[in-house]
Amino acid sequence: MPEIKTTSGASVVINIAPWEDAKRLKKAIERELANAGIKLNMQSDVSELFSALLRVDSSDDVDAALWPCLARCTRDGSKIIPAMFDTADGRADYYEIVTACIQENLRPLVESLYSKLPASVKAMLQKSQNIQKQS
């Protein structure tokens, strides 16, 4: 249950969502990326990453899957609800909160998947990262 301090100074507690809610969010994000034909890899340029971000951010399905996860989190001690983002400070915090929520709920799944990849695939990914860092 990590706590973050947002740019506006709000204290946000990110609680992990129940399995079904986290899985629904993961699937919604994956579906958006797949339907858009977006293939993110270590060689993806900024425009590809930005396109993927916009696709996920504008998805009604992702939004619907995100809110049950956000509802388990708090901002300055209050449950996160859509009306919280009616203020300028709330809106300034929106992406920090959403990003933290997605990371907290999906990181264990991504790390688990990565751990199951064959050593040869991990080596290719590492090589791609090293090449990208040198560029």
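A residue is called buried here if its relative accessible area is under 20%, exposed if over 50% and partly exposed in between, using a 1.4 Å probe and protein chains only. What you see is a predicted model, where local features need pLDDT of at least 70, side-chain atom pairs count only at pLDDT 80 or more, and totals for chains, interfaces and linings use all residues. Residues are numbered from 1 along each chain as its sequence is written, and side-chain values use heavy atoms, with hydrogens and water left out.

**Stop one: the aromatic rings.** Select Phe85 to begin: its relative accessibility is 8%, so Phe85 is buried. Phe85 and Tyr94 form an edge-to-face aromatic pair, 5.1 Å centre to centre with 90° between the planes. Rings of Phe, Tyr and Trp (its six-membered ring) pair if their centres lie within 6.5 Å; planes under 30 degrees apart are stacked, over 60 edge-to-face and the rest tilted.

**Stop two: two helices.** Select helix 1 (residues 19-35) and helix 3, whose axes come within 8 Å and cross at roughly 160°. Axes are lines fitted to C-alpha atoms, for helices over the stretch in contact, and angles run from 0 to 180 degrees between N-to-C directions. Helices here are DSSP runs (H or I) of at least four residues, numbered from the N terminus. To finish, show the side chains where the two meet (heavy atoms within 4.5 Å): among them are Leu25 and Ile29 in helix 1, and Val62 and Leu66 in helix 3.
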